[in-house]
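Colleague: Could you walk me through the wording used for this model? I would like to see each term set against its cut-off.

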Amino acid sequence: MTPVSRRNFLKIAGGAGTGLVLGFELPAKPRARAGFVPPPMPGYPAQEGGPTYEPNAYLEIAPDGTVTVQIFRSEMGQGVETAFLMIVADELEADWAKLAPVQARPASVYGNQVTADSRSISLSWDVLRAVAAAARMMLIEAAAQQWGVDAAECRAETHTVVHEASGQSLGYGELAEAAAALPVPGMDAVTLKDPADFKFIGQRMGQFDNPDFVTGAAHYCSDIRLDGMLYATIARCPVFRGTVARYDDSAALAVEGVQQVAQVGNYGVAVIADSTWAALKGREALEVTWDEGENATFNSEDVFAALAERAHAEVQEMDDGTPANVIIDAGYMVPYLAHASMEPMCCVAHYTGDALELWAPTQHRQDVLGRAAETSGLGHDRITVHVPLLGGGFGRRVESDFAVEAILVSMAANAPIKLFWSREDDIQHDYYHPLTYHLKYKKLDPESGSLDSRQRVDNIPTGPWRSVDNFPDALVNECFQDEVAHGAGYDLIENRRWGYGDTPRGAVMERAVELSGWNDPAPDGHARGIAVHSTFGVTHVAQVHEVSVADDGTLTIHRIVCVVDCGRVINPDMAEAQIEGGIVFALSAALGSEITIENGRAVQSNFHNYPIVRFDEMPPIEITFMESDEPPQGLGEMGVPTTVPALLNAIYNLTGKRIRRIPIRAEDLRAG
């Protein structure tokens, strides 16, 4: 057992017949490696200070032995519920079959609950272990008192406290009420398990709700049904930030099943019906005249050219005029990118005049609560926010616009409503990864520092996208590093060794070099490329891609070797899935996904013209995690940043063609 040194405290709330219920305070700041504290989400404040205490916060043991664990981060397929249960099960010595996750509502006791920046586990590791260990100690003490023995003579084992000398044992459910009456051990008195004794942590375990996913029993927002519920969809201006000039609802109201048409602020015009079909047909019939506003002439291709011109002008201003024989002038272009989560936006709202209930698949439930209060005029105590499963998020569901829309429609209809977005709505009205132009400029003779210019525009709504700025940063920096090495005649790996030295980033690179056979000749017609990045400074990843290109430009990725240092791995199965998912996400951006804007409108509308890499297009991926006793760090976004630069570097090493704009186009790869 390892004593906990962090000074904090536990508090308890419980009552007769309710079992043991534990709440506790979170540490004021997240524990992080190498002193790095992840930045707050754009537009949202960092977690400062400790949250206030509220009872019934995290863990409850019922008289029947069921352990309910409050999941205060959103489950969107990343497996946070399973990981939380594994941490609790290990410290509590629990029976896995008696654990039950429940999504927590927004509450200050949990601190900032935004599920983003891949921080769900790293921010929760210490507190979940502490509260589960405290509960175990209290259950042991309750049993010892009942038997009249020293607690040190007892041990917890699979949901039971055992006194071996007397052969007595009691289940957790039998002890819960007595344990609830005991004082909670101070945090400095809580003893955690030796990691060598972990039974669940570090093991491969399927996601807790995999059976529900397979059988279709998993419930998403679209599965929610309320008595008297209506269905609504919104006609939005096709030009970003355009508004409603006027509308004629007569044809829409003539559609069978359409109940009402109502303008909802600047969001558009809602069609409310007794079925989704009727709502969609009503929207088709609706006649709206839009005020398209100043973005009506906005074109993303024009913007790239303008940004390139601006970046070069900026760099020329910084240039000291020193002559050089070799100048690398590299402009990288990253387009708008949609999140394209498998479940389009959806929200159920029931406004009754003096109360509001929401079912919002959100990554930021506290923002939903705040926006709900602003929109409805109700106090927080009159609003209930449920968070169902999210069918993917990738940053899109940090925004709360779809919840606000649902509230406005419910208020207009005076009825419970389900607001649903179509796939087209979702792709054409997203908060995109921003379009950016990055100019890297370096003189090699004489050696000098790089001049950088990063240009972006914000006419179109943008927001956090999986890995946020790590995606373009890694793409530009890792490709440009290769460009400089090639220009100066440096070895690609030695050049990185010089920069990374004896760091975790250097360590993952060395392992990737070893596992990929980098120093061995590639098969005929193949070449390899490498990229290394530390996402948010906490999880270090190196990727090596091996590729070939046919004369007609067909690209084949034969193999991806990926080495990850994320501290301790909770569940290798889910950890691999997270990295694989990130690679799929980034490969989609490299090979085909792009949002282009013409006359203020998103051209792409569905997966036929915004393609995601499919099963039969996926290359083999070999993932290796570095062994570590460091606290666990994030994984959800960490497979993304190194994917594209490793691919582009491999293509250059094979063809000599430096691609600086994604997605890769066929003409970029054809021979000649």
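Modeller: Gladly, starting with pairing: two strands pair if DSSP finds at least two bridges between them. Strands themselves are DSSP runs of E with at least two residues, and helices are runs of H or I with at least four, numbered from the N terminus. This is a predicted model, where local features need pLDDT of at least 70 and side-chain atom pairs count only at pLDDT 80 or more, while totals for chains, interfaces and linings use all residues. Residues are numbered from 1 along each chain as its sequence is written, and side-chain values use heavy atoms, leaving out hydrogens and water.

Colleague: What makes β11 and β20 a pair?

Modeller: Strand β11 (residues 230-235) is joined to β20 by 3 bridges, and the two run parallel. At least two bridges are needed, so they pair.

Colleague: Which way do the residues of β20 point?

Modeller: Ile417 and Leu419 point one way, Lys418 and Phe420 the other, and all are buried. In a regular strand, side chains alternate between the two faces of the sheet.

Colleague: Why is asparagine 112 called buried?

Modeller: Buried means under 20% relative accessible area, exposed over 50%, and partly exposed in between, with a 1.4 Å probe and protein chains only. Asparagine 112 has 17% relative accessibility, so it counts as buried. This residue lies in the loop between β6 (99-103) and α2 (125-147).

Colleague: Why is valine 644 called buried?

Modeller: Its relative accessible area is 0%, so valine 644 is buried. Valine 644 lies in helix α15 (residues 643-655).

Colleague: Which residues does valine 644 touch?

Modeller: Contact means heavy atoms within 4.5 Å. Not counting residues up to four places away in sequence, valine 644 touches Phe471, Leu475, Ala586, Ala590 and Ile662.
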